[in-house]
Amino acid sequence: MLGIPAAALEDPVAALHPRANLMRGAALIEQAHTRYRRDALRALGAYRHSSARQARALGAAIEALAQRLEASDSQAPVRRIAGRANAQALLGCVPSARREVAAVIVATAKRYGVEPAFALAIARRESAFNQAALSPKQARGVMQLIPATAKRYGVDAHDLHQNIDGGVRYLRDLLAMFEGDLRLVAAGYNAGEGAVRRFGHQVPPYRETQTYVPLVLQAREAFLQCQSL
């Protein structure tokens, strides 16, 4: 299905099955992204072509196909391959020591319909992806959950996965509350949604929040730009 060279197949007969073929292709693409993390199109096509020019051309074709088939459930595996490539490119924008944590954030953000780059930007500003982070106000972990927020979402802030789950769900709820306005979502995450409401759905005039919001938005933009390189 993907035209994978026979030499790259662990089981050429099994790989004739569409699902096996796609899964093997996805694995090869993920491996290529480790090597070509700054060249997403080349990584998409490197499973078949060693030439950079040919690999990029194939990568562009795969990406275009995934976009054209966006509404077709029957082609979901093709979209997943492109999605994995984008996720790998995004993780390449995070320091290597923090990529395992970032991978959890990206996966959780996708699960709850939150833009991964925005979730990463929040986590970067909150804790620099450090689960051991603890603020004087007892905000804890990667997403810096205060006890009240952890209780609200029924998570243990000491646990990495639960901490991220609670923080991303809070982002999801803020996005719904403020109709996708990332400025207000970031402000709400920092100062609380009540503060945003009290100040007429504006960024509260707190020095910390006034500094926090543009830094989060800048980090998000940096992740998006890095992902597209």
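Is F129 buried or exposed? Keep that in mind as we walk through this predicted model, in which local features need pLDDT of at least 70, side-chain atom pairs count only at pLDDT 80 or more, and totals for chains, interfaces and linings use all residues. Residues are numbered from 1 along each chain as its sequence is written, and side-chain values use heavy atoms, with hydrogens and water left out.

**Stop 1: the whole chain**

Start with a cartoon view. The protein has 11 helices and zero strands; helices (H or I, at least four residues) and strands (E, at least two) are DSSP runs, numbered from the N terminus. Along the sequence the pattern reads α-α-α-α-α-α-α-α-α-α-α.

Of the 229 residues, 46% are buried. Buried means under 20% relative accessible area, exposed means over 50%, and partly exposed is in between (1.4 Å probe, protein chains only).

**Stop 2: F129**

Select F129, in the loop between α6 and α7. With a relative accessible area of 4%, F129 is buried. Check its backbone too: phi is positive, about 65°, although F129 is not a glycine.

**Stop 3: Q144**

Stay in the loop between α6 and α7 and pick Q144. Phi of Q144 is also a positive value, near 50°, in a residue other than glycine. Q144 counts as buried because its relative accessibility is 11%. Show what surrounds Q144: leaving aside neighbours within four places in sequence, Q144 is in contact (heavy atoms within 4.5 Å) with E126, S127, A133, L134, S135, A139 and N163.

**Stop 4: the core**

Next, select I105, I122, M143, L171, Y189 and F223. These residues have the most contacts inside the largest nonpolar core, which has 48 residues. A nonpolar core is a set of buried Ala, Val, Leu, Ile, Met, Phe, Trp, Tyr and Cys residues joined through side-chain atoms within 4.5 Å. Colour the elements that give two or more residues to this core: α4 (76-91), α5 (99-112), α6 (116-127), α8 (160-177), α9 (182-191) and α11 (207-228). The most comes from α6, with seven residues.

Zoom in on Y189. Not counting residues up to four places away in sequence, Y189 touches I122, E126, M143, L145, G167, Y170, L171, L174 and Y212.

**Stop 5: where α8 meets α9**

Hide everything except α8 and α9. Which residues meet here, between α8 and α9? From α8 come G167, Y170, L171, L174 and L175, and from α9 come L182, V185, G188 and Y189. The two helices pack at an angle of about 135°, with their axes 9 Å apart. Axes are lines fitted to C-alpha atoms, for helices over the stretch in contact, and angles run from 0 to 180 degrees between N-to-C directions. So α8 and α9 are oblique to each other; angles under 35 degrees count as roughly parallel, over 145 as roughly antiparallel, 65 to 115 as roughly perpendicular and the rest as oblique.

**Stop 6: L224**

Finally, bring everything back and find L224 in helix α11. L224 counts as partly exposed, at 25% relative accessibility. Leaving aside neighbours within four places in sequence, L224 is in contact with E115 and A117.
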